[in-house]
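This report is meant to be read beside the sequence and the model.

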Amino acid sequence: MQSAMALSFSQTSFTRPNHVLGSTGSVFSTPTSLRFCGLRREAFGYSTSNQLALRCERIRIPSRKSFQVSASASSNGNGAPPKSFDYDLIIIGAGVGGHGAALHAVEKGLKTAIIEGDVVGGTCVNRGCVPSKALLAVSGRMRELQNEHHMKSFGLQVSAAGYDRQGVADHANNLATKIRNNLTNSMKALGVDILTGFGSVLGPQKVKYGKDNIITAKDIIIATGSVPFVPKGIEVDGKTVITSDHALKLESVPDWIAIVGSGYIGLEFSDVYTALGSEVTFIEALDQLMPGFDPEISKLAQRVLINPRKIDYHTGVFASKITPAKDGKPVLIELIDAKTKEPKDTLEVDAALIATGRAPFTNGLGLENVNVVTQRGFIPVDERMRVIDGNGTLVPNLYCIGDANGKLMLAHAASAQGISVVEQVSGRDHVLNHLSIPAACFTHPEISMVGLTEPQAKEKGEKEGFKVSVVKTSFKANTKALAENEGEGIAKMIYRPDNGEILGVHIFGLHAADLIHEASNAIALGTRIQDIKLAVHAHPTLSEVLDELFKAAKVESHATTRTVSEKVVV
Amino acid sequence: MSRLLQTPFLPSVSLPTKTRSSVPGFRVKPRIIPIQAKIREIFMPALSSTMTEGKIVSWVKSEGDKLNKGESVVVVESDKADMDVETFYDGYLAAIMVEEGGVAPVGSAIALLAETEDEIADAKAKASGGGGVSQAPTSSPPTAAIEAPVAVEKKIAAAPVSVKAVAASAVHPASEGGKRIVASPYAKKLAKELKVELAGLVGSGPMGRIVAKDVEAVAAGGGVQAAVAVKEVVAAPGVELGSVVPFTTMQGAVSRNMVESLTVPTFRVGYTITTDALDALYKKIKSKGVTMTALLAKATALALAKHPVVNSSCRDGNSFVYNSSINVAVAVAIDGGLITPVLQNADKVDIYSLSRKWKELVDKARAKQLQPQEYNTGTFTLSNLGMFGVDRFDAILPPGTGAIMAVGASQPSVVATKDGRIGMKNQMQVNVTADHRVIYGSDLAQFLQTLASIIEDPKDLTF
């Protein structure tokens with residue numbers, strides 16, 4: 001496997017390693033599907049990849065050489081790490097960010113170790129995205145089966161749908177276990193050293209892990225992630241006042257649960273809980289529910305995800321005090337006005353879920369040893385994820401990715417940042433465009449977005465003197481969506497009419513999370529609307545929703561004439 | 001009236017907007033005509049030829065916003081598409097009467113538009129007093145004449161609420177002695193939808209919390225008439241034998257009410273009433289639109305006026321209420337269930353108005369557009385199966401009321417009279433079921449005697 005990656009790099013082409021490997025044997029075609037970060041690597045069989053690595057050991061060295069030639073800036077000398085360092089790269093934290101970085105580092109031929117004090121997979125795999133998707137898969141089906149009207153319109157008859165709480169909880173737990181094992185195996189198979197123990201920075205290029213194991217590395221990446229943020233005054237008992245960590249275990253389905261915070265986490269849990277029969281009260285500090293989403297999208301989403309469901313909400317209030325249920329008393333929530341701080345209301349509910357965001361997990365990392373001062377716990381970094389110390393100067397060879405730097409607290413953003421860092425330490429400058437990183441909320445229907453919101457784009461346009469246009473389309477106009485009886489939803493694109501640049505895309509509707517990538521890739525690659533609108537979408541598919549947007553956009557400049565005709569010849 | 005309430009969405013003839021300044025004295029009461037000249041209703045527009053109702057997708061403007069002619073005010077979802085609706089007038093969006101997500105029939109008021117900022121408050125008062133759809137009688141001519149029924153109507157609307165508050169006994173322990181309402185999110189949502197007042201409601205949820213079923217029970221409380229008026233009842237054209245069919249909302253409400261009725265100790269008293277005179281009267285005034293139902297309701301109401309205890313209701317077993325108005329509910333079979341539209345103040349309203357009202361209520365019931373106060377404020381219920389030839393039956397007492405009367409068919413019978421002769425007379429049997437906690441046998445007997453004398457000598461029915 002390692003060799004496969006190394007070989008592909010020597011080709012200078014990132015995208016088509018097949019061409020080299022294809023000649024060696026068809027067995028090589030599997031690893032090509034593993035090229036990108038994230039969790040998709042679980043797809044391959046590890047036993048074969050081990051053999052693969054062995055088989056290719058011989059051709060590894062020459063390929064490595066070719067890499068060294070092209071990347072002469074690297075100070076590593078002749079390929080093997082110099083005696084003074086144990087590793088080329090040490091990553092502290094084996095979450096999705098660390099994992100993404102580790103795999104890419106191996107691909108780049110770096111000798112890599114990853115330190116994990118808890119379980120491999122971090123928040124995403126164990127207490128976040130992954131188990132929540134299992135719960136949401138259940139809630140989506142429950143919702144569908146309970147929607148008599150929806151079923152009837154298909155001509156289907158379903159008698160009362162029910163669920164077994166433990167069964168649902170097991171599904172989430174099993175999924176997390178499976179993904180965690182896949183992640184561990186993928187790293188082991190590639191030869192990443194997984195070091196167990198709490199890791200901390202001892203000094204420049206020096207890391208301690210476990211009790212007193214000290215190792216050195218040329219470069220260090222901090223990827224320690226985050227933990228649920230619990231505002232002061234809130235007492236979490238793990239039973240009736242819980243965070244997402246507890247909620248994902250689904251130990252109970254309360255009749256009435258208050259969710260503090262109406263961001264992604266809160267919204268997804270409201271979807272799960274209401275589908276399983278709970279009633280939900282949102283407590284949001286800002287004046288509007290779903291802050292952070294494009295206002296139009298959040299308005300529509302509220303119409304679909306909040307208003308018709310058994311949900312009510314209090315906005316513009318803080319939960320100043322939450323006391324867990326005990327002695328036969330319910331969970332007590334004291335609300336104060338977010339602005340005046342005056343007491344506003346008291347709620348008595350069966351449970352409260354604290355979904356007020358996440359706090360960086362950076363305590364005890366030994367940052368003082370390299371003179372780094374955290375800001376509200378976040379590790380300050382520049383746009384290349386290089387850690388900035390207390391004096392505002394860069395700490396050499398120290399990087400921080402993912403939730404710990406707080407730039408964009410998403411699993412795939414962490415992974416992308418990790419890959420960006422590995423690119424840099426292996427001699428190729430790279431700056432990640434965060435505006436091309438998509439985000440998704442897996443409610444039913446889903447919400448997804450990439451780039452700027454409409455107000456942000458307008459503000460930017462005003463500042464930089466360009467015009468901003470918006471096009472919208474409805475899922476009601478999409479054949480596939482109608483076939484699924486899921487016409488509810490819109491997609492909107494914010495763009496520059498002068499040059500056709502896509503500034504942002506927001507989708508609310510069936511499979512929005514899967515649809516966003518056409519837009520995020522276009523933004524990442526700088527594809528202009530006038531070009532992408534000529535691309536063809538299969539009919540009838542949901543992807544035509546985006547096609548509709550591209551085609552409806554009014555761009556002044558014409559398609560760039562490209563000589564694609566030669567490549568097209570089959 | 002109707003001319004003054006022209007929708008601002010239609011280019012209409014210029015309105016007599018000057019009236020207000022000419023009669024400043026009338027401003028005291030917010031609901032009288034001259035004000036309405038300045039406060040325009042925004043109606044649900046017909047956006048397509050097939051559209052019968054529209055859903056408010058979103059309000060582009062909020063209450064208090066200034067509107068300029070041609071600006072989008074609201075986004076409406078028709079059966080076809082979402083459309084922006086513009087105003088044809090300048091003014092202020094004074095009151096939103098149908099919230100986002102709400103559905104309103106084409107032509108019904110969804111908001112009020114005030115001409116000046118000062119009038120926003122007036123419009124708000126109007127909106128909160130009048131409910132969703134303006135039901136002001138369009139034919140009544142002068143201002144003074146309108147004022148009275150409006151006032152009455154308002155009083156009635158308020159009455160059942162206060163009754164409910166009396167009925168409340170248990171409170172949520174953490175609700176500071178009932179000062180705060182502790183209700184689950186869905187209960188609150190339902191209460192809003194079904195226009196049920198939560199204050200003072202008895203909660204059956206954990207720790208006395210008000211939950212959805214409490215609200216549903218109250219909404220269905222006035223009788224068998226459920227909250228279903230707004231809900232869609234999907235009636236399958238054929239019945240599939242052997243299939244298990246879950247209750248519709250209405251059936252569920254009926255079921256709950258019926259079970260609840262078992263907690264009330266009831267008894268029955270029957271009476272045979274000669275209807276020759278009533279039939280003759282009916283024949284005479286039928287052409288004026290009077291219906292037999294209205295006549296029976298009127299006769300019953302007049303008898304109730306003389307026996308207030310039969311018009312009372314006991315809710316908690318410790319006390320009972322002599323209801324302040326006589327509201328006769330009449331059971332009507334409708335597609336998919338049963339509903340009891342209420343003839344309010346049947347003792348006071350004249351027979352012709354009562355007949356018109358009844359027709360209006362039945363039409364609304366069939367269209368499932370009855371407002372809650374039009375079906376859950378009954379104090380006494382009539383159930384008539386005479387039209388099917390049923391000669392006698394007994395009815396179950398709807399919870400929250402004191403008595404219900406089952407009316408059989410009026411049939412020619414051979415009758416021996418006191419003077420020893422035998423003759424043919426039309427007779428009908430009535431059978432009253434009553435709550436024996438408050439109404440006793442003699443009460444019913446006297447009530448029935450009065451009723452019989454009214455029906456047998458019906459001159460009072462027409463005033």
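## A helix in chain A

How far apart are the end C-alpha atoms of helix α16 (residues 512-525) of chain A, and what should its 14 residues span at 1.5 Å a residue? In this structure, which is a predicted model, the end C-alpha atoms of α16(A) are 21 Å apart, and this agrees with the 20 Å that the 14 residues should span.

The buried residues of α16(A) are A512(A), A513(A), L515(A), I516(A), A519(A), S520(A), A522(A) and I523(A). An α-helix has 3.6 residues a turn, so residues three or four places apart point the same way. With that in mind, the reader may trace the series A512(A), L515(A), A519(A), A522(A) along the buried residues of α16(A). What covers these buried residues includes, from chain A, the strands β19 (439-441), β20 (446-451) and β23 (502-509), as well as α17 (529-532) and α18 (544-552).

## An open sheet in chain A

Chain A also has an open sheet of 3 strands, which follow the order β12-β13-β14 and pair in the antiparallel sense. Because β12 (317-323) and β14 (343-349) of chain A stand at the edges with a single partner strand each, one side of each is left without a neighbour in the sheet. From one strand to the next, the twist of this sheet averages 25°.

The pairing of β12(A) with strand β13 (residues 331-337) of chain A is antiparallel and extends over 6 bridges. Within this pairing, V317(A) has D337(A) of β13(A) standing opposite.

## An open sheet in chain B

Chain B has an open sheet of 4 strands in the order β1-β8-β6-β3, and here too the pairing is antiparallel. Its edge strands are β1 (39-43) and β3 of chain B, each of which pairs on one side only.

Is strand β6 (residues 91-96) of chain B mostly covered or mostly uncovered? It is mostly covered, with 6 of its 6 residues buried. Towards strand β3 (residues 66-67) of chain B, β6(B) is joined by 2 bridges in an antiparallel arrangement, and there K66(B) stands opposite Y92(B). Towards strand β8 (residues 109-114) of chain B, β6(B) is joined by 4 bridges, again with the strands running antiparallel. On that side A95(B) faces L112(B), standing opposite in β8(B), while I96(B) stands opposite A111(B).

## Cysteines

How many disulfides does the structure hold over all chains? The count is 0. A disulfide is a covalent bond between the sulfur atoms of two cysteines. As for individual cysteines, C129(A) counts as partly exposed because its relative accessibility is 31%, whereas C400(A), at 0% relative accessibility, counts as buried.

## Chain B as a whole

The secondary structure of chain B comes to 11 helices and 19 strands, and of the 463 residues in this chain, 47% are buried. When contacts in chain B between residues at least 6 apart in sequence are considered, 63% of them join residues at least 24 apart.

Key
Residues are numbered from 1 along each chain as its sequence is written. Chains are lettered from A and ligands numbered from 1 in the order in which they are written. This is a predicted model: local features need pLDDT of at least 70, side-chain atom pairs count only at pLDDT 80 or more; totals for chains, interfaces and linings use all residues. Side-chain values use heavy atoms; hydrogens and water are left out. Two strands pair if DSSP finds at least two bridges between them. Axes are lines fitted to C-alpha atoms, for helices over the stretch in contact, and angles run from 0 to 180 degrees between N-to-C directions. A disulfide is a pair of cysteine sulfur atoms within 2.5 Å. Buried means under 20% relative accessible area, exposed over 50%, partly exposed in between (1.4 Å probe, protein chains only). The expected span of a helix is 1.5 Å times one less than its number of residues. Contact means heavy atoms within 4.5 Å.
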